[in-house]
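Please look over the model below. My notes follow as numbered points.

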Amino acid sequence: MKKDFYEILGISKNADAAEIKKAYRKSALKYHPDKNPGDKEAEENFKLAAEAYEVLSDPNKKAKYDQYGHQAFDGSGGFGGGHGGMNMDDIFSQFGDIFGGGFGGFGGGGGGGPRRSKGSNLRIKVKLTLEEIANGVEKKVKVKRKVQAKGVTYKTCTTCNGQGQVMRVTNTILGRMQSASTCPTCGGSGQILDKKPSEADAQGMVVEDETVSIKIPAGVVDGMQLKVSNKGNDAPGNSIPGDLIVAIEELEHEFLKREGENIHYDLYISFPEAVLGSSKDIEAINGKVRIKLEEGIQSGKILRLKGKGIPSINGYGSGDLLVHVNVWTPKTLNKEQKQFFENALNDEHFVPSPEKSEKSFFEKVKDMFS
């Protein structure tokens, strides 16, 4: 089981942005590879801290994590903040500024070379049926990605000498201040275009179609975004590919209505069925389910079928299927049928006599949302 992000950084769920950043910097400096050369455990903790910070420092990701936990990002494999897909270059590319001037990139005595630039993200929308959401599904989608052209070569940027950053010294009332910024010539990659094939653009990139397999866990919700690492666009030079952002769109079901993890179904029965009772086949997510209606069942009664709803994305069981019983009143009657009901007007069996145990409509609605 994956460790809680708040526990990794040693903070509470109420921590603000400044506290989250401070906690990450403290943890990152403690386990930084330059301070712990060859220590695999320290390297793993360094990655865990970066993974936690990547999510908790982003308000949208943090909100999803607080609601759905790890499943909101990596589900059953491959999404979001999973540090299994985040290498040291990723970390220094995204969060290197947090370490200040005390440490360089990974892999070499404080210098470590330039931080790698990252390509832009791609965004797609995937439409899912209620059945696919309930069971989880693997989707194969075709995306158009920018990748470095075959045969393209790059050379060291002369502006930053391959460091990806340029240093500036300014005079202030406090003295001379030195600051670093991304190189405007190479965009931080430390390299510029040398040679490119004719079909490549000015950055040495071409557009290619690629089929990407996306494993979508059960229980996702409409509007949720999942991330497939390194399946976005490439960037020129020594870069890291961007990510593929997958937005979930839930398709409306013909009979079933979703409410969180619960499913609602309207069952219409005839007056004789309500009086005499019957057995009915009703629509459920994975096929039909037979239920028994007791004699004298009332319109508005809600039958709850435990565990027949949507699985929790956190793996905490499934919701329920709520069957709403509606007694259908005929709009037209023949002469004999009409006479029967006219005679029944004075029959005590047809006089409404709700039991004290019968819940009102408002009580039933309250139970549904409790």
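1. Two helices, α7 (271–276) and α8 (335–344), each supply at least two residues of a nonpolar surface patch. Helices (H or I, at least four residues) and strands (E, at least two) are DSSP runs, numbered from the N terminus. The patch consists of F271, V275, L276, L333, F340, F341 and F350, with about 610 Å² of accessible area together. Areas come from the Shrake-Rupley method with a 1.4 Å probe; for residues, only the protein chains shown count as cover. Like charges are joined within 9 Å, nonpolar side chains (Val, Leu, Ile, Met, Phe, Trp, Tyr) within 5 Å.

2. Which helix gives the most to the nonpolar patch? It is α7, with three residues. L276 sits in helix α7 and is exposed, at a relative accessible area of 60%. Exposed means over 50% relative accessible area, buried under 20%, and partly exposed in between (1.4 Å probe, protein chains only).

3. The model is predicted: local features need pLDDT of at least 70, side-chain atom pairs count only at pLDDT 80 or more, and totals for chains, interfaces and linings use all residues. Residues are numbered from 1 along each chain as its sequence is written, and side-chain values use heavy atoms, with hydrogens and water left out.

4. Check helix α4 (residues 59–68). Its buried residues are K62, Y65 and Y68. They lie on the same side of α4, because they cover an arc of only 155° around the axis. That arc is taken from the directions from the helix axis to the C-beta atoms. P59, N60 and Q67 are exposed on the other side of α4. The cover over the buried residues of α4 includes α1 (5–9), α2 (17–31) and α3 (40–56).

5. Two asparagines deserve a look. Most residues other than glycine have a negative phi. N161 has a positive phi, near 55°. It is in the loop between β4 (153–156) and β5 (165–172), and is exposed at 59% relative accessible area. N230 also has a positive phi, near 65°. It is in the loop between β9 (225–228) and β10 (239–240), and is partly exposed at 29%.

6. Strands β14 (residues 278–284) and β15 (residues 287–293) run antiparallel, joined by seven bridges. Strands pair if DSSP finds at least two bridges between them. A hairpin of two residues links β14 to β15. S279 has K292 of β15 as its bridge partner.

Definitions and conventions:
Patches are made of residues with over 30% relative accessible area and no salt bridge: like charges are joined within 9 Å, nonpolar side chains (Val, Leu, Ile, Met, Phe, Trp, Tyr) within 5 Å. A salt bridge is a side-chain nitrogen of Lys or Arg within 4 Å of a carboxyl oxygen of Asp or Glu. Contact means heavy atoms within 4.5 Å.
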